[in-house]
Amino acid sequence: MKKKLEKRINLFLSAVIVLILLPLLLTIFMQRMELSNLISGMPQGTEEVTAQIGQENENDAETEARLIGIVAKEISAGSSKEAIMAQCVIARTNLYAAQKTGTAEPEALEIEEMEALWGDSFQSVYRRMEECVERTAGQVLVWKGDYIYAAYHAISAGQTRDMSELYADSDMPYLTGQICVDDTAAEGYLAVYYYEESEFAQRCREYFPEAFSEEVSEEIEVTTRDHAGYVLEIKLGNSTCSGEEFRDRFGLNSACFTVTKLEDQIRIVTKGLGHGFGLSQYSAECMASEGWDYQKILEFFYPGSEIQAAEKVK
């Protein structure tokens with residue numbers, strides 16, 4: 001009887017000790033778990049963080065996939081890989097910048113449009129574009145820790161433009177004039193437009209009401225050009241407008257133009273194709289054919305900028 005009592009007392013005391021020590025044991029266990037997480041680099045709330053990372057990776061994958069359609073719209077599929085990869089970095093920079101600022105994103109071709117454009121070569125061309133996007137994955141152009149304005153155009157007038165000459169307060173020192181001699185031999189470098197004098201006068205009055213009274217009897221004069229030869233300001237009789245506005249109104253290839261009054265006609269001659277800022281795609285293709293890689297091409301056209309991972313841009 002005595003032994004049974006002692007046994008019960010011992011069991012009771014053991015239960016009491018366990019109840020007393022249980023909170024302490026649980027605390028020690030949780031502390032060890034937290035310490036293990038810290039050592040392994042796994043933060044608390046692992047499930048939430050993992051879900052967030054998964055979502056970010058999914059978003060990045062969608063963005064990279066969208067780039068194929070953007071690049072396909074911006075550059076010829078027949079371009080060299082280095083030129084295409086340079087365009088990939090440009091497109092990604094402009095896309096991420098648009099997403100950050102909430103402005104319009106670069107336009108992209110849909111799969112159906114690419115199939116129609118490339119026909120039987122769709123699979124091989126698409127894979128080529130995809131490879132260029134993958135080889136530049138996450139790479140963007142940065143200046144002072146933020147995305148640059150990665151401007152580009154088809155053909156320069158023989159030299160790219162300096163943005164500060166058009167907008168003095170632009171703060172884009174990476175968009176400066178670069179000599180592009182090869183562009184002068186490009187197909188489409190020169191374009192000539194003819195207008196009957198009465199038609200030209202009518203169109204000018206439509207766009208610039210104070211330009212001419214009846215006919216083009218008043219002066220037509222380019223008053224200011226930048227160092228690359230692009231018109232900054234042109235006088236049309238009693239009206240003055242910018243070169244870019246004149247180009248836009250008349251649908252010209254570029255703002256590097258001359259206007260000449262002939263007997264009863266007006267002749268406009270343009271040089272280049274596009275606005276002339278940033279990368280010239282024709283020159284980039286020539287550089288690639290000479291062995292330049294895409295990093296060097298981008299360094300040439302955007303001096304002072306750096307190629308960085310998009311994830312580092314705040």
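Contact here means that heavy atoms lie within 4.5 Å. The model is a predicted one, and in it Leu-279 touches Ala-86, Gln-87, Ile-90, Ala-151, Tyr-152, His-153, Ala-284, Ile-297, Leu-298, Phe-301 and Tyr-302, when residues up to four places away in sequence are not counted.

Leu-279 also belongs to the largest nonpolar core, a set of 42 residues in which Leu-279, Leu-298 and Tyr-302 have the most contacts inside the core. At least two residues of this core are supplied by each of helix 2 (46-74), helix 3 (81-101), helix 4 (111-118), helix 5 (122-135), helix 9 (281-289) and helix 10 (294-301). Helix 3 gives the most to it, with nine residues. Apart from this core lies another, of 23 residues, among them Ala-157, Ile-234, Leu-252 and Ile-268.

Two packed helices are described by the angle between their axes and the distance between the axes. How do helix 3 and helix 9 pack, at what angle and with their axes how far apart? The angle is about 135 degrees and the axes are 8 Å apart, which makes helix 3 oblique to helix 9. The crossing of these two helices, helix 3 and helix 9, is right-handed. On the side of helix 3, Glu-82, Ala-83 and Gln-87 take part, and they meet Gln-281, Ala-284, Glu-285 and Ala-288 in helix 9.

The aromatic rings give another view of the structure, which holds 14 aromatic pairs. Two of the pairs are set out below.

| Pair | Centre to centre | Angle between planes | Arrangement |
|---|---|---|---|
| Trp-118 and Phe-122 | 6.2 Å | 25 degrees | stacked |
| Phe-246 and Phe-257 | 5.0 Å | 35 degrees | tilted |

Trp-118 counts as buried because its relative accessibility is 12%, with the limit for buried set at under 20%; Phe-122, at 11% relative accessibility, likewise counts as buried. Phe-246 and Phe-257 form the tilted pair, and this pair links distant parts of the chain, with Phe-246 in helix 8 (residues 243-250) and Phe-257 in strand 8 (residues 257-261), 11 residues apart. Both Phe-246 and Phe-257 are buried. They also belong to a cluster in which ring pairs link Tyr-195, Phe-200, Tyr-207, Phe-208, Phe-246, Phe-250 and Phe-257.

Technical notes. Residues numbered from 1 in each chain as written. Predicted model: local features only at pLDDT ≥ 70, side-chain atom pairs only at ≥ 80, totals over all residues. Heavy atoms only, no water. Phe/Tyr/Trp six-rings, centres within 6.5 Å; stacked < 30°, edge-to-face > 60°. Buried < 20%, exposed > 50% of the residue type's maximum accessible area, 1.4 Å probe, protein only. Helix = DSSP H or I, 4+ residues; strand = E, 2+ residues; numbered from the N terminus. Core = buried A, V, L, I, M, F, W, Y, C linked by side-chain atoms within 4.5 Å. Axes fitted to C-alpha atoms, helices over the stretch in contact; angles between N-to-C directions. Parallel < 35°, antiparallel > 145°, perpendicular 65-115°, else oblique. Left-handed = near helix turned anticlockwise from the far one by under 90°.
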